[in-house]
Amino acid sequence: MLDLLLTPRPSYWAESPIVAQFGFGAPSLDRRLHGGLDQTALHEIITENQYNAAAATAVALLLALRGAVAGKPIILLREDRDVRRFGRLYAPSLIELGMPVDSLLQVTAASSIAVLQAGADAIKSGAVGAVVIATAGRTLALDLTASRRLALVTARMGLPTLLLRLAAEPTPSAAQTRWQVTSAPSTGLAENAPGLPAFDLNLLRHRGGIAPFSARVEWDSDQRCFRDAPLFGAAPSVAGVRAAAAP
Amino acid sequence: MALVAKVRGALLLEAVDTKAAALGLAPGLTLADARARVPDLAVRDHDPVADQALLEALADACGRYTPTVAIAAASDGLLLDISGCEHVFVGGEHGLRNDALRRFGRLGLTVQAAVADTPAAAIALARYAAALDKITDLPVQALELGAEATTALRRAGLRVIGDVAAQSRSALAARFGNAMLGRLAAILGEEDARLIPRRAPPPVLTEARLAEPILRSQEALRVISDLALQTARALEARGMGGRRFEVTLFRTDHHVARLAVDTAQPLRDPRRIAKLFAERLDSLADPLDPGFGFDLIRLAVPLLEPLEALQLKLEGGAAVENSMAALIDQLSTRLGRERVTRAVPGDSHIPEQATFDLPAIADTPATVWSIPEPGEPPQRPLYLFDPPERIEVMAEVPDGPPRRFKWRAQMHDVLRHEGPERIAAEWWRRKNGKGLTRDYYRVEDVRGRRFWLFRHGLYGREKAQPNWYLHGLFA
């Protein structure tokens with residue numbers, strides 16, 4: 001917890017004293033967001049295909065970790081069929097990412113409606129520090145009304161809620177921000193080994209009026225923060241970069 | 001009408017109804033003989049499992065009279081310990097007996113019932129002469145000593161139990177053995193054998209007998225919340241909390257419905273108990289069928305744990321823990337306990353067994369996770385497929401790292417890789433001491449997606465053409 005306090009968060013608080021915020025930890029990214037994300041709002045994280053499921057899930061969980069109300073556990077809610085489709089969340093990896101696994105509660109439910117209902121109950125209970133609600137594909141239950149309901153109860157209870165939508169198209173929602181997340185090529189290590197987890201974050205919309213932008217970040221497990229990906233690291237081969245740039 | 005069963009190739013009568021008995025048929029007769037005597041005999045197959053199931057259901061229904069219900073050793077009757085239970089009924093123990101006879105009569109069952117001081121005496125009275133009230137007037141068959149001993153007693157001129165009881169015990173023991181004395185003492189009430197109940201009576205139990213059977217689950221819930229209030233008081237007096245609560249709903253016919261909720265921590269807050277049962281009722285796959293209504297509702301607490309009077313911590317720790325337990329209880333009751341989980345480490349190096357998701361509602365031991373190396377990228381994937389997914393892989397050399405692979409209809413070109421990390425099978429758990437070694441590779445494709453692949457079997461040594469699998473997705 002100490003390292004969280006050591007990140008330059010307090011200065012951002014000073015800039016926007018009205019709403020509590022939590023930042024990504026990557027300076028350039030947080031500056032563009034005028035400090036960070038609202039701690040009492042609904043944020044949507046979306047990825048359009050199944051190959052980026054792990055990246056989007058990681059970003060949602062890590063944002064929950066950064067934004068969670070101190071001293072309270074995080075809860076992740078999923079649908080049964082998504083566990084079969086994307087696999088189960090693997091605790092050793094969470095530990096490597098710096099998540100306290102003992103205070104992560106995992107809930108699965110048979111339908112997306114049950115997931116949303118359980119998510120709303122978790123928010124209302126006041127027992128958890130952050131809520132991650134995961135759905136996949138087209139989710140009819142998650143319409144504008146449902147997301148507005150979630151946003152309202154989130155604001156009332158004062159904790160961040162992350163709506164993770166895997167392999168889904170953007171649909172109207174009441175979320176404060178919407179991010180599209182894809183895996184990004186990592187900065188290679190010695191002997192061409194894959195490096196730290198890297199993500200391309202694409203801000204699609206922001207209710208506060210911040211214009212859409214993209215950023216590439218890495219996750220630093222030791223500091224428990226995102227940081228700007230180095231532009232020129234151990235650069236991948238030219239062919240690799242070209243292929244990566246192609247969709 | 002008779003029930004038949006096949007015994008050593010012959011169809012024997014297993015049971016007969018009163019009409020058949022009146023025609024001279026008895027259990028043990030072959031079906032051919034019985035047909036010769038009564039040509040139009042109706043015959044059904046004997047189904048001992050269904051018999052037992054009916055008896056169990058009736059035993060459950062008798063739970064309305066006493067928590068101590070047992071099934072008789074011969075599986076043909078029920079024993080109820082009604083000590084201290086009879087005063088609830090108009091007319092005391094006979095009122096209770098009549099109530100039971102009335103209820104079973106409504107089901108179309110012919111029942112012999114008797115009230116006696118000991119279980120053995122009650123069985124003897126019920127089997128041999130329910131109309132009599134005095135044990136001593138029962139025929140000697142009621143001692144159930146077998147045909148030989150019964151005949152011997154009759155030859156000696158002893159026709160009723162009273163005659164036998166009048167004899168000197170030592171003479172009886174010399175002639176018939178000590179077992180007979182035991183039977184005699186049990187029937188006469190000189191020796192008291194306790195019942196072994198089917199369900200252990202719970203330490204805390206409250207119930208509501210309803211003059212007017214209730215038909216709606218909303219009303220049942222209201223009764224349950226009243227009972228929860230009483231239960232909470234009883235628990236508080238003991239300084240205990242419940243970890244499991246069971247509601248038993250007795251229908252006016254013999255049907256009994258049971259609902260149970262578990263809690264993560266000892267609980268005695270009546271509002272939370274009632275709320276959990278409301279969740280439980282909502283989550284039932286097929287809703288509660290009230291039939292002609294429930295006339296007895298009982299709330300039992302079979303599992304107790306010490307719970308001190310609540311004291312709030314200054315920093316609010318207790319309140320958070322408490323609300324967390326409430327959330328876990330609520331979600332576990334609604335979705336099922338296997339669906340609300342926490343990860344605990346498993347004692348294995350096989351990746352899929354290195355961690356388990358255990359119900360959060362159960363007591364989990366304090367866990368110790370191994371601490372990762374600082375500055376290293378994750379060595380394990382965020383999502384793990386169980387089972388791993390088979391993939392097509394192209395490698396430069398058969399025992400080298402993968403170059404390209406096809407997973408879920410898309411080709412992935414490997415840009416970076418690390419490995420192999422060799423994980424051997426748990427040969428000590430296998431019968432033949434063998435198992436395929438897995439060579440794991442951490443790979444990143446040109447689009448920046450990271451995967452965990454493994455080759456199943458060492459090339460050339462364990463397998464000629466090892467298969468490849470995708471086991472997980474990295475963040």
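Predicted model: local features only at pLDDT ≥ 70, side-chain atom pairs only at ≥ 80, totals over all residues.
Local features rest on pLDDT of at least 70, side-chain atom pairs count only at pLDDT 80 or more, and totals for chains, interfaces and linings use all residues. Residues are numbered from 1 along each chain as its sequence is written, while chains are lettered from A and ligands numbered from 1 in the order in which they are written.

Chain B holds an open sheet of 3 strands in the order 2-1-3, with mixed pairing; strands (E, at least two residues) and helices (H or I, at least four) are DSSP runs numbered from the N terminus, and two strands pair if DSSP finds at least two bridges between them. Strand 2 (10–16) and strand 3 (43–45) of chain B stand at the edges with a single partner strand each, so one side of each lacks a neighbour in the sheet. Strand 1 (residues 2–7) of chain B pairs with strand 3 of chain B in the parallel sense over 3 bridges, and B:Val4 stands opposite B:Asp45 in strand 3 of chain B.

Helix 3 (residues 48–61) of chain B has 14 residues.

Elsewhere, B:Gln112 lies in the loop between helix 4 (92–106) and helix 5 (119–128) of chain B, and B:Gln112 counts as partly exposed because it has 13 C-beta neighbours inside 10 Å.

Technical notes: Buried ≥ 20, exposed ≤ 12 C-beta atoms within 10 Å, placed from the backbone. Expected span 1.5 Å × (residues − 1).
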